[in-house]
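Hi,

Here is the structure I promised to send over. Have a look at it first, and then read on for my notes.

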Amino acid sequence: MAVSHPGRRVRGNGRLEGLPGSAPDRPYDPLRIFRWRNYRDYGTGVAGDLFVHLFSSLHFVVGSRGPTRIQAAGGLRYWKDGREVPDILLGVFDYPETEAHPGFNLSLRVNFVDGTSGSTFLRLVGSEGAMDVTWTEVVLRKNVAVDPLDAFSQEKMAEAAASADGLPPRVRMLPPAEARYEVERGYRGAHVDHFFNWFEAIRGGPPVLEDATFGLRAAAPALACNLSYFEDRIVRWDPDIMKLI
């Protein structure tokens with residue numbers, strides 16, 4: 001999904017201003033050509049480049065239309081090379097309760113100081129456990145739930161076992177603490193599926209799931225993250241009517 005718009009910038013009034021080619025004239029600089037994402041005249045920084053993909057994945061998995069409250073923090077901590085966007089950025093997003101999902105919070109983090117160190121993944125944390133989604137596997141870790149009544153009986157059994165003629169401590173069967181699901185051997189990767197689905201849609205096959213509306217609802221919170229960072233404020237977004245409020 002393309003989310004970088006050369007020559008465009010989100011302004012405080014919530015409009016995407018500028019047209020391709022309208023960036024100011026500057027002397028030739030190879031850095032501005034080959035590292036255009038670092039400059040606000042041409043790119044949308046790490047939020048527009050990276051966060052949007054996580055929004056796409058999350059919205060697809062949970063059936064969400066997006067957050068309503070966006071807040072960001074970060075800074076240029078290491079790369080003192082004239083770039084205009086932060087190399088460390090943290091975003092916090094509030095998702096309200098809907099018919100598709102309960103209310104929840106999302107936090108996204110990117111660190112261009114030391115790279116990702118192979119830790120790029122989406123973690124979904126719930127009341128019963130957590131699920132890590134990576135490029136090639138899904139890892140499910142479940143909490144050990146204890147029923148309050150069962151905890152009471154365990155305590156009484158432990159008290160009885162403490163006496164000389166007491167019963168042995170009560171034990172129970174536990175499910176595996178972790179389940180791992182991996183792609184089949186020979187899987188050629190998500191990018192192959194991405195392009196295959198796109199080409200099939202162009203040729204008249206099933207339409208893509210991530211249409212223009214889905215794309216806007218994924219890109220807008222990422223761009224709003226930039227708004228929050230550069231204007232030092234909380235940004236409010238209505239994902240139903242797809243407008244800043």
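In this predicted model, the axes of α2 and helix α5 (residues 212-231) approach to within 8 Å and cross at roughly 135 degrees. Angles over 145 degrees would count as roughly antiparallel and those from 65 to 115 as roughly perpendicular, so α2 and α5 are oblique to each other. The crossing in which α2 passes α5 is right-handed.

Which residues meet where these two helices pass? From α2 come Ala47, Gly48, Phe51, Val52, Phe55, Ser56, His59 and Phe60, and from α5 come Phe214, Arg217, Ala218, Ala219, Pro221, Ala222, Cys225 and Asn226.

What does His59 touch, leaving out residues up to four places away in sequence? Its partners are Ser64, Arg65, Gly66, Pro67, Tyr95, Phe214, Arg217 and Ala218. With Tyr95 there is also a side-chain to side-chain polar contact of 2.8 Å.

Next, have a look around α1. Helix α1 spans residues 30-34 and includes Arg32. Is Arg32 buried or exposed? With a relative accessible area of 14%, Arg32 is buried. Its side chain makes a polar contact of 3.2 Å with the side chain of Tyr42. Setting aside residues up to four places away in sequence, Arg32 touches Arg26, Tyr39, Asp41, Tyr42 and Glu84.

Asp41, one of those partners of Arg32, is placed in the loop between α1 and α2. A relative accessible area of 9% means that Asp41 is buried too. The side chain of Asp41 has its own polar contact, at 3.2 Å, with the side chain of Arg26.

On to some loop residues. Ala177 lies between α3 (148-162) and β9 (178-182), and its relative accessibility of 56% makes it exposed. Which residues does Ala177 contact once neighbours within four places in sequence are left aside? They are Leu140, Arg141 and Lys142. For Lys142, the C-alpha to C-alpha distance from Ala177 is 5.7 Å, with the two residues 35 apart in sequence.

- Asp232 has a phi near 50 degrees. Its place is the loop between α5 and β10, and Asp232 is exposed, at a relative accessible area of 71%.
- Met242 has a phi of about 60 degrees. This residue is found in the loop between β10 and β11 (243-244), and is partly exposed, at a relative accessible area of 24%.

Now for the protein as a whole. It has five helices and eleven strands. Of its 245 residues, 27% are buried. How many of the contacts between residues at least 6 apart in sequence join residues at least 24 apart? The share is 56%.

Finally, a word on confidence. The mean pLDDT of the protein is 83, and 78% of the residues reach 70 or more. Where is confidence lowest, and where is it highest? The lowest mean is 42, in strand β1 (residues 9-10), while strand β10 (residues 235-238) has the highest, at 98. Over residues 1-19 the pLDDT is below 50, although this stretch has 49 contacts in the model beyond near neighbours in sequence. Where pLDDT is low, the predicted coordinates should not be read in detail.

Happy to hear what you make of it.

Best wishes

Definitions and conventions
Residues numbered from 1 in each chain as written. Predicted model: local features only at pLDDT ≥ 70, side-chain atom pairs only at ≥ 80, totals over all residues. Heavy atoms only, no water. Helix = DSSP H or I, 4+ residues; strand = E, 2+ residues; numbered from the N terminus. Buried < 20%, exposed > 50% of the residue type's maximum accessible area, 1.4 Å probe, protein only. Polar contact = N/O pair within 3.5 Å; in protein donor to acceptor, adjacent residues only side chain to side chain. Contact = heavy atoms within 4.5 Å. pLDDT = per-residue confidence, 0-100. Axes fitted to C-alpha atoms, helices over the stretch in contact; angles between N-to-C directions. Parallel < 35°, antiparallel > 145°, perpendicular 65-115°, else oblique. Left-handed = near helix turned anticlockwise from the far one by under 90°.
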